[in-house]
Amino acid sequence: MKWYHWFIPPLLGLAAYLAAGEVRPVVKEAAVPVRAAERRAEPERSDVKGVIGEFKQQWEVVKKLAADEDAVMPVADLRAKTLALRQACETLPEGADRGRVRDLNSRLAAAIRELGRRQGAEALEAIDAENDRQRHAAMAGWAEVEPEAVFKAVIASERRGSCSSDTLMKLLQGQAEAGNAALKRACAEVRWELFRDLPGDPFSNNGLKIPEDAGARPWIESGAARALAEQGVGINNLFHVWAKRDPAAALAQAFDWPGSGRSEIMDVLGAGLNDPERAEQIRAALEALPAEQFSKVTGAVGEYRESRTTFGDDVAKTFPMLVATKKEEGGP
């Protein structure tokens, strides 16, 4: 179905839309269901991370297609489309094809996001009146055009999870552009108890994540990341992003980071995978560690390997110096 079909009078367009039996991307129709069916026919893969990556890539394509379609619709048609998609989601039979479920939900989120982008607070009020689970999509769209207004709405809200963690991080990154003091002040204004343990995107761990191209420097230099960690609020990829720019500094801080454990150390080591130059920098930092800290690193790697994670094995292959011997482990 092409985007221009939506210029049929709204009721006729909606009828045609729902009568099609499926809501599909604008081009390459049925791409997601077909790929899902093909995937079910393939032998089981041990690379779980790779499979999840494929799902995520397909989902992002569907969302992009839906956003392109929505951008040219009149608001009235866009609102009608959200009603149709919501109804389609609510009437899906139990056990419906996961590709179709994902497609419908992605298109609904894209339509609501576009409404948020165009109508801001008005779209949010309409969503809240309907008690719609897609509130985060409206907030994300609104934040694209009025980030300051959205941040004020977030810090004033009594609502649990008034926006997604991804939108919140984008708002905070915007504050970082105003300087370290602005970032630290903004972090202090957020009521973090309202953002803990929220249900989220099945392809993410639903926490704060620094954009890979942004870097960790503002978060470190401002003290914002440490202040959050002291409150029990972590940034999931902080040490990984930090280690990509300054692995020695990241490793040095991993040992006494508030609430620290083996995950910060492993995030630093993970930054050296598939990057020989960075891996060499990390090896040099490891060799300079005191014996006690080096032992903590080898222990972290050992625990990951015992849990049979491919990540632990990959780290051990890249840094064989961290593989403890039987004697070091207390064996005969």
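A helix axis here is a line fitted to C-alpha atoms over the stretch in contact, and the angle between two axes runs from 0 to 180 degrees between N-to-C directions. The model is predicted.

**Exercise 1. Describe how helix H8 packs against helix H9.**

Step 1. Locate the helices. H8 covers residues 147-156, and H9 covers residues 165-176.

Step 2. Take the geometry. The two axes come within 10 Å and cross at roughly 120 degrees. The crossing of H8 past H9 is left-handed.

Step 3. List the contact residues. H8 supplies Pro-147, Glu-148, Val-150, Phe-151 and Val-154. H9 supplies Leu-168, Leu-171, Leu-172 and Gln-175.

Step 4. Sort them by class. Seven residues of this contact are nonpolar, one is polar and one is charged.

**Exercise 2. Classify the crossing of H13 and H15, and give its handedness.**

Step 1. Read the angle. The axes of H13 (residues 238-245) and H15 (residues 262-270) come within 8 Å and cross at roughly 40 degrees.

Step 2. Apply the cut-offs. Angles under 35 degrees count as roughly parallel, and 65 to 115 as roughly perpendicular. The angle of roughly 40 degrees therefore makes H13 oblique to H15.

Step 3. H13 passes H15 in a right-handed crossing.

Step 4. Name the residues. Phe-239, His-240 and Ala-243 of H13 meet Glu-264, Asp-267, Val-268 and Gly-270 of H15. By class, three are nonpolar, two polar and two charged.

**Exercise 3. Decide whether Ser-162 is buried or exposed, and find its neighbours.**

Step 1. Ser-162 sits in the loop between H8 and H9.

Step 2. Check accessibility. Buried means under 20% relative accessible area. Ser-162 has 1%, so Ser-162 is buried.

Step 3. Find the contacts. Leaving out residues up to four places away in sequence, Ser-162 touches Arg-135, His-136, Met-139, Val-154, Ser-157 and Phe-195.

**Exercise 4. Find the residues with the most contacts to other members in the largest nonpolar core.**

Step 1. Take the core. The largest one holds 71 residues.

Step 2. Pick out the residues. Leu-168, Leu-172, Trp-219, Leu-238, Leu-269 and Leu-286 touch the most other members.

Step 3. Follow one of them. Beyond four places in sequence, Leu-168 touches Val-154, Cys-163, Val-190, Trp-192, Phe-195 and Leu-208.

Step 4. Look for another core. A second, separate core has five residues, among them Met-73, Leu-78, Ala-111 and Ala-123.

**Exercise 5. Summarise the chain as a whole.**

Step 1. Count the elements. The chain has 18 helices and zero strands.

Step 2. Check burial. Of its 332 residues, 42% count as buried.

Notes:
Residues are numbered from 1 along each chain as its sequence is written. This is a predicted model: local features need pLDDT of at least 70, side-chain atom pairs count only at pLDDT 80 or more; totals for chains, interfaces and linings use all residues. Side-chain values use heavy atoms; hydrogens and water are left out. Helices (H or I, at least four residues) and strands (E, at least two) are DSSP runs, numbered from the N terminus. A crossing is left-handed if the near helix is turned anticlockwise from the far one by less than a right angle, and right-handed if clockwise. Contact means heavy atoms within 4.5 Å. Ala, Val, Leu, Ile, Met, Phe, Trp, Tyr, Cys and Pro count as nonpolar, Asp, Glu, Lys and Arg as charged, and the others, Gly among them, as polar. Angles under 35 degrees count as roughly parallel, over 145 as roughly antiparallel, 65 to 115 as roughly perpendicular and the rest as oblique. A nonpolar core is a set of buried Ala, Val, Leu, Ile, Met, Phe, Trp, Tyr and Cys residues joined through side-chain atoms within 4.5 Å. Buried means under 20% relative accessible area, exposed over 50%, partly exposed in between (1.4 Å probe, protein chains only).
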